[in-house]
Amino acid sequence: MPFARLASATTPTCHIGLGLAAVGRPGYINLGRDRDLPADRTVDALRERTHELLDAAYAQGVRYVDAARSYGRAEEFLADWLRARPDADDVVIGSKWGYTYTANWTTDADRHEVKDHSLATYERQRAETAELLGDRLDLYQIHSLTPDSPALTDKELHARLAEAAAGGLTIGFSTSGPTQADTVRAALGVTVDGAPLFRTVQSTYNALETSAGPALAEAHDAGLTVIVKEGMANGRLAEPYAPEALKAVARETGLGCDAVALALILRRPWAGVVLSGAATPGQLASNLHAPAVDLDEDQLARLDALVENPRAYWERRGQLPWH
């Protein structure tokens, strides 16, 4: 089904999506997971938590859900929920390929995921996603493109992705790292038979890491839908880890640090969807207050001062442990 269906959503929270990175597997790099998730993170426990979040998100107007092949069993949990909720036929589903989950449902694996942007990986993972999500998949994204990714130059891969697009699937990409802006601009130049291949871009952007902003504005102007991930900086912008300036603004608004952090992104005219990475229904409910946050110029100036050097930000992110 076409990703463009999301444009017809009119709920107050339709510009906030639910990302499943934090609940599809027992280990992830978000801060605070020891208190957010059950101590015994069995498959059934995380399936139940994922379904609880999906029920809450849908009831509160969220209409986009984002998964990936590398998010453990996130696609499986989502597929189970979709089968149990035939009434949720207006929810738009996105997933990603390019990383393979390798942690075998543990939190202490040497490697939790392996990156490979080859055509062979695309074909294998596309089949795996199709088996689970079938025709409910709207958007398929290359996971974490970087400037050196072969997926930017592999013409055979581009042709296969264009075939999928001709069949009705929207094709997008996500980015990571301090050179996100370079990646976005390189991807905007990828065409097949003269037509742009990518229709969406998903990038990290938050109060601490804003370097991709100008490139994302260019992508928006080129007609791509911009999806923002890691708006909470993997928990660094949530209580109790948030910088004092963010805590002060949150107190002034009467809402949570998370709502303020996401509201800052929603203000960007190019931001089409901002993902919530909530791991609990309470976090989700707080995140969904973001559209109600009204920030004045003084508050915006104080938040703007939080921006870090991109390389320092990504170096710190790379040091976050898998909890």
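Q: Among contacts in the chain between residues at least 6 apart in sequence, what percentage join residues at least 24 apart?
A: This is a predicted model, and its chain holds 12 helices and 12 strands. Counting contacts between residues at least 6 apart in sequence, the share that joins residues at least 24 apart is 80%.

Q: Why does the radius of gyration of the chain agree with a compact globule?
A: The C-alpha trace spans about 50 × 40 × 40 Å along its principal axes. For 323 residues, a compact globule would have a radius of gyration near 20 Å. The chain agrees with this because its own value is 18 Å.

Q: What percentage of the residues of the chain count as buried?
A: A residue counts as buried under 20% relative accessible area. The accessible surface of the chain is about 13000 Å², with 51% of it belonging to carbon and sulfur atoms. Of the 323 residues, the buried share is 55%.

Q: How many Å apart are the mean positions of the positive and negative charges of the chain?
A: The chain has 32 positive and 44 negative charges. The distance between their mean positions is 1 Å.

Q: Why is strand β11 largely enclosed by the rest of the structure, and how many of its residues are buried?
A: Strand β11 spans residues 225-229 and runs parallel to β10 (residues 200-204), joined to it by 5 bridges. One of the paired positions is Ser203, with Val228 as its partner in β11. The strand is largely enclosed because the buried residues number 4 of the 5.

Q: Is Gly256 buried, partly exposed or exposed?
A: Gly256 sits in the loop between α8 (244-253) and α9 (257-266). Leaving aside neighbours within four places in sequence, Gly256 is in contact with Ala250 and Ser286. Its relative accessibility is 23%, so Gly256 counts as partly exposed.

Q: How many Å apart in space are Gly256 and Val293, C-alpha to C-alpha?
A: In sequence, Gly256 and Val293 are 37 residues apart. In space, their C-alpha to C-alpha distance is 9.8 Å.

How values were computed:
Residues numbered from 1 in each chain as written. Predicted model: local features only at pLDDT ≥ 70, side-chain atom pairs only at ≥ 80, totals over all residues. Heavy atoms only, no water. Helix = DSSP H or I, 4+ residues; strand = E, 2+ residues; numbered from the N terminus. Rg over C-alpha atoms; globule rule 2.2 N^0.38 Å. Buried < 20%, exposed > 50% of the residue type's maximum accessible area, 1.4 Å probe, protein only. Contact = heavy atoms within 4.5 Å. Areas by Shrake-Rupley, 256 points an atom, 1.4 Å probe, with all protein chains shown as cover. Lys, Arg positive; Asp, Glu negative; His and termini not counted. Charge placed at Lys NZ, Arg CZ, Asp CG, Glu CD. Pairing = 2+ DSSP bridges.
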